[in-house]
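Please look over the sequence and the model shown here. The report below goes through a few of the local features one by one.

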Amino acid sequence: MFNVLIVDYKEEDCPIEAAMLKQAGMTVTFEPNGTVENINAAGADAMALIAVFSPIPRAVFEALPNMRMISYPGIGVDIVDLDAARDHGVWVSNVPTANITEVATHTLAMALSLIRALPLYDRDMHDGVFDYEAHGLLRRPNTMTFGIAGLGNIGRIVAGYATTFFGRVVGYDPYVPAEAWPDGVERIDDLTGVLAVSDVFSLHMPLTDDNEGLIDAAALAAMKPGSYFINVSRGGLVEIDAVVVALDSGQLAGAGLDVFPQEPMTPGHAILSHPRAILSPHAAFFSTAADEELRRGSVDNITAWRDSGRPNYVVLEGR
Ligand SMILES: NC(=O)c1ccc[n+]([C@@H]2O[C@H](COP(=O)([O-])OP(=O)(O)OC[C@H]3O[C@@H](n4cnc5c(N)ncnc54)[C@H](O)[C@@H]3O)[C@@H](O)[C@H]2O)c1
């Protein structure tokens, strides 16, 4: 029997996946607590694995020789040790477009909320303060520059939305060839150049071994004084303590963060109570429609691979 292990969720969280897998003639096992030991114990018979939050390190590939495919119900597969997957010939798939408009909308919502001082006004109002001048002189977005690092599926939609509001949109992505560069985005060939001209700077790239901690104290110091920083990509791209320092010094006027180095973020961390940070709990992807498409897409990848030898969306080819 073809068994699928779903890690991080309980059976009652997954009616869509359970029904689809059953319909396809597969059995399903759930392991809500995705420690390596638990995954290895629950996955002994699994041919495929759906993992949502828990890291899938080399030890899992070594312990589960029957497991030939990992289906991630989202875009950024950084929870998976891709080198180990490659070494073991395990397929890795994702669902690349189900939530991209949600993430782009979240990005602009964070940027515009910060620029309009909405979180600060909102707190004032709840405290009985009625003063539109309480948070300094607000700036007009069409006099500002919006900078994007990573012009893939999400970065391109963000760029399109940003051109509606901002005077200038600039971007950095060394992997996009000139002929595929999006219209309306001024290309800048180094990250520091984008940081230096952006009034709002937003990250839209995957987390890899090469860019961990990319936005550190030096990168934040290269930004315009009083600018805004948005991260809806992955927490590991950013040194969160450096963001707090930059907010405290005024180098950053505000930060919008949906992703964190640990999720949930360490209780008591200074970012959680910073008045000029807008925070959300890795929610940028979320809408009812996106959630359903992600779940369906992750199962479709497994059935496609079982039936044709290839998932619909390949991150890494197996053998
Ligand atoms: N917060 C959320 O809920 C949420 C939801 C979906 C995706 N994400 C994150 O957003 C990321 C981007 O998603 P996407 O759909 O646009 O991915 P994508 O693969 O379509 O695009 C990523 C782009 O980043 C570029 N890139 C890679 N490394 C870079 C670097 N060092 N500097 C500049 N550019 C670089 C690539 O060339 C590519 O164009 C995902 O990898 C994921 O981590 C977060």
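Which helices each supply at least two residues of the lining of the second largest pocket? They are helix H5 (100-115) and helix H6 (118-126). This answer, like the rest of the report, refers to a predicted model.

**The second largest pocket**

The space in the second largest pocket comes to about 230 Å³. Its lining consists of 14 residues, and those nearest the centre of the pocket are Leu114, His135, Leu138, Tyr228 and Ala253. Sorted by class, the lining has 10 nonpolar residues, two polar ones and two charged ones.

The loop between H5 and H6 holds Ala117. Ala117 is not a glycine, yet its phi is positive, at about 60°. Most residues other than glycine have a negative phi.

**The ligand**

Around the ligand there are 24 residues, and Asn153, Ile154, Asp173, Val232 and Asp258 come nearest. The shell divides into 13 nonpolar, eight polar and three charged residues.

| Residue | Polar atom of the residue | Distance to an oxygen atom of the ligand |
|---|---|---|
| Gly152 | backbone | 3.4 Å |
| Asn153 | backbone | 2.9 Å |
| Asp173 | side chain | 2.7 Å |

How much of the ligand does the protein bury? Taken alone, the ligand exposes 860 Å², and 85% of that is buried by the protein.

**Aromatic pairs**

Five aromatic pairs are found in the structure. One of them is formed by Tyr9 and Phe53, with 6.2 Å from centre to centre and 85° between the planes. The arrangement of Tyr9 and Phe53 is edge-to-face. What does this pair tie together? Tyr9 belongs to the loop between strand E1 (3-7) and helix H1 (15-23), while Phe53 belongs to the loop between strand E3 (46-51) and helix H3 (58-63), so the pair ties together parts that are 44 residues apart in sequence.

**A cis peptide bond**

Which peptide bond is cis, with omega near 0°? This is the bond from Glu263 to Pro264. Pro264 is placed in the loop between strand E11 (252-257) and strand E12 (277-279). Most peptide bonds are trans.

Definitions and conventions: Residues are numbered from 1 along each chain as its sequence is written. This is a predicted model: local features need pLDDT of at least 70, side-chain atom pairs count only at pLDDT 80 or more; totals for chains, interfaces and linings use all residues. Side-chain values use heavy atoms; hydrogens and water are left out. A residue is near a molecule or strand if one of its heavy atoms lies within 4 Å of it. A polar contact is a pair of N or O atoms within 3.5 Å; within protein, one must be able to donate a hydrogen and the other to accept it, and residues adjacent in sequence count only if both atoms are side-chain atoms. Accessible areas come from the Shrake-Rupley method with a 1.4 Å probe; for residues, only the protein chains shown count as cover. Ala, Val, Leu, Ile, Met, Phe, Trp, Tyr, Cys and Pro count as nonpolar, Asp, Glu, Lys and Arg as charged, and the others, Gly among them, as polar. On a 1 Å grid over the protein atoms alone, a cavity is a set of points where a 1.4 Å probe fits but cannot get out, and a pocket is an open set with protein on both sides within 12 Å along at least five of seven lines; lining residues have an atom within 4 Å of a point. Grid points are joined across faces, edges and corners, and a volume is the space filled by probe spheres set on the points. Helices (H or I, at least four residues) and strands (E, at least two) are DSSP runs, numbered from the N terminus. Rings of Phe, Tyr and Trp (its six-membered ring) pair if their centres lie within 6.5 Å; planes under 30 degrees apart count as stacked, over 60 as edge-to-face and the rest as tilted.
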